[in-house]
Structure formats: structure tokens, C-alpha cells
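Student: Could we go through this structure together? I would like to begin with the charged pairs and then move to other topics.

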Amino acid sequence: MWWMMGENGGHYCSKKSDDLCGTQESDRGFGISRLCCILRGVDLKSILFLLVIVPMCVIGVYIHGLKISYFLRPLWESPPKPFHEIPHYHHENASMESLCKLHGWGIREYPRRVYDAVLFSTEVELLTIRWKELYPYVTQFVLLESNSTFTGLPKPLVFAGHRDEFKLIEPRLTYGSIGGRFKKGEKNPFYEEAYQRIALDKLLRIAGITDDDLLIMSDVDEIPSRHTINLLRWCDDIPQILHLRLKNYLYSFEFPVDDKSWRASVHRYQTGKTKYAHYRQSDEILADSGWHCSFCFRRISEFVFKMKAYSHYDRVRFSHYLNPKRVQKVICSGADLFDMIPEEYTFKDIIGKMGPIPHSYSAVHLPAYLLENAERYKFLLPGNCLRDEE
């Protein structure tokens, strides 16, 4: 036993009692003596480990758990199968026949019809730039918006309130709205996203899409270049499903991330087979086909709204992430809004992308309408990181 009875009803630890753990005259002394005897066999380093190091590790994992998980991603997830990259040839003075031939495709007698279909949330500025870029070559613009976000938050029908600003598009527009389901207990935002994409399939049929028409599947902020769409509508024998490699930007065209954006795609429509989706659907991808500008908003309030509304809302671990002053500071530094580790599949790529995105001072090869209206959209151009609060 750790403790033994003393001669006068006291207590001591084995035969080597000292003043602290020696004879005690009271029940309180009995407790102190016993505790002392227990601690006598415990190393000081072990006590520090239990009382300091372990709690610090627990707190660290709680605060940085997602970052740790993303950093260790190469250990538990393999890279996806590489795409078959199709080189992209373009010059404004080259004939379409020459360009199709360079890609290994034939030339058509007349161009295909083109349908551009998007799910809309709040991105009025990017939608304007997108539609102005694609207007010369799109037969029908198809837009669906909901009165809820993917995470189930109520929202106004923003496009409906701005529809008068798109009078040029109106003759070619098929617009639809859908009510959010607001299902209690359903926490997976990807179910709501899938629900809205199914509704967009139905809207496309209402818009009159038919077999072999081209269908652009991409989010509002994934903008194909107009010459890419013109190429695909004129060339014969293009892939049935073709992903588009887009230049990836964050916050504005001042912060180029990489050229790895691939979710945008163009489909030769097949009745009963083509389904609107936002995941990988083929192995073919066309290089340098446009721009993906994520979180490219004019107002701080729009950043905060999207952080709470989009499918990865779980990354908002702490309420101070939504503080407007913090959001503005992050935008101007090119850091990550969610304080996350880069989403890569090798330690080399993760480490190479850690830290703020370097500033770019190039505004070359951007959408024409953006440059023609630079004063209106200066928040998207280099050197203009400050945002409106409301």
C-alpha cells in the first residue's frame, strides 16, 4: 500500500516519511498525507505533461483540426486521375477552319446553338461580365435562382430585383425561381445544391434545348472566354463532354492562384442523358479557356454572406472570421478567408502554396467588358483591394 498507519493514529508513506508527508493529527492531514504519497511516485515531467501539454494539444486540435487534416491530405487521399489536356490555339486573325484543324477537328457548315445555364445567388457584377463576354455566341441564357442558399438560409430573389439591368439579354433569357426546401435537421448543403441542379435540368427543357446543342455547365464565377465558345460551336467532332481549364483567381484579378480550375464544362446535349452537374464528367479538358474568379465581390457584406451560405460553410469555425475588418484585411493581403491550408494532394504543392497569394499587376487577357468598364469594376482590377462595406 502507498500509505500505512502511524503509531498514534497518524499516517506516513512507507518508512521514509518527511515533514510534509509524516504524521498528521486530523482527517485533513490524512487526506494530504495520502495525496502526497500518491504524488511521490509521479515524476514532475509527467505532471507537467498531464496538466499543460495534453490540454494544449487538445485546444490546438480543436482550433486547427481542419488545417491539420488538409495538411495530411497526401497521406489519406490520392490525386485524381490526370485529365487528357487538349492544347488551345487561338488568334483573332486566324480563320476558324485553321483553328479547328489545329485542334484535330473538322469545320461545320453552320455553328451549333449554345445554351448557357447557371444557378444564381447574388453575383450581379460577375453575371454581367459573364453575359457580356458570351453574348455574341449564346442562343439562350438560362438562369435559376432560389429563395434560399445551399445551407438553407433565406435570401431574396436578387436577380429578379435587378432584371431591368439586363434588357439586352431579355429576348434570349429563360428565367426561373424555386423555393428552398428548408428541411429541418438536414445539414448537408450538397443535397440542396443537387435539388437546385435537377430543377435547372427542367428549366433547360423549357428553354428548348435539343440534341447536339452546346450546353455550358459552370457557376456564375466560372467564365468561359468568348473565343473558346465560338471555337466549340463551329468545330465538328469535338468531345461529347469537354471540361474547360480556367485561370483561377481569388478576390479579384489581382490574385492569380493557379490554372487548375476544371469544373466548368461544355456538353453536346443528349436528350435523356445529359444532366446538369458540377463534378468531373470526362477525361478531356481544353487548356486556357477562361477565368474563375472566386469570392470576387464589391461589398464586404457579400463576402460575409457567401462565407455563411455556400456549401463549405463548415469552414467558418469561429465567429470572428466574419468580422468585416478582418475580411477586408484578408482581401488586401491575399490570405485565406477561412485560415485554411491549400487543397492539394502532395506536400510539395501544399507547402508551395502556403501563405498569401502574391499580387499581380497584369490585367492582360481579361474579359473585354471588364476592361471597357474599368471604372465601374475597378474592385476587380489590380491595385483596388478596398471594398465597400455595404
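Tutor: Let us begin with Lys155, which forms a salt bridge with Glu145, the closest N and O atoms being 3.6 Å apart. A salt bridge here is a side-chain nitrogen of Lys or Arg within 4 Å of a carboxyl oxygen of Asp or Glu. Lys155 lies in the loop between strand S6 (140–146) and helix H6 (158–162) and Glu145 in strand S6, so the pair ties together parts that are 10 residues apart in sequence. Helices (H or I, at least four residues) and strands (E, at least two) are DSSP runs, numbered from the N terminus.

Student: Are Lys155 and Glu145 buried or exposed?

Tutor: Both Lys155 and Glu145 are buried. Buried means under 20% relative accessible area, exposed over 50%, and partly exposed in between (1.4 Å probe, protein chains only).

Student: What kind of model is this, and how are residues numbered?

Tutor: This is a predicted model, in which local features need pLDDT of at least 70 and side-chain atom pairs count only at pLDDT 80 or more, while totals for chains, interfaces and linings use all residues. Residues are numbered from 1 along each chain as its sequence is written, and side-chain values use heavy atoms, with hydrogens and water left out.

Student: How many salt bridges are found in the whole structure?

Tutor: The search finds 23 salt bridges. One of them joins the side chains of Glu125 and Arg299 (3.7 Å, N to O). Glu125 lies in helix H5 (residues 124–134) and Arg299 in the loop between S16 and helix H9 (300–309), so this pair ties together parts that are 174 residues apart in sequence. Glu125 counts as buried at 13% relative accessibility, whereas Arg299 counts as partly exposed at 27%.

Student: Which residues are linked in a network of salt bridges?

Tutor: The network links Arg108, Arg112, Asp212, Asp236 and Arg268.

Student: Changing topic, how many disulfides are there?

Tutor: The count comes to three disulfides, a disulfide being a pair of cysteine sulfur atoms within 2.5 Å. One of them joins Cys100 to Cys235 (S to S 1.9 Å), and this link is left-handed, with -90° about the S-S bond. Cys100 lies in helix H4 (residues 96–102) and Cys235 in strand S10 (residues 235–236), so the pair ties together parts that are 135 residues apart in sequence. Cys100 is buried at 0% relative accessibility, and Cys235 is buried at 0% as well.

Student: And what is the handedness of the link of Cys332 and Cys385?

Tutor: The link of Cys332 and Cys385 is right-handed, with 90° about the S-S bond. Cys332 lies in helix H10 (residues 324–333) and Cys385 in the segment after helix H12 (368–372), so the pair ties together parts that are 53 residues apart in sequence. The S to S distance for Cys332 and Cys385 is 2.1 Å.

Student: What about the link of Cys293 and Cys296?

Tutor: The sulfur atoms of Cys293 and Cys296 are 1.9 Å apart in their disulfide. With -80° about the S-S bond, the link of Cys293 and Cys296 is left-handed. Both Cys293 and Cys296 are buried.
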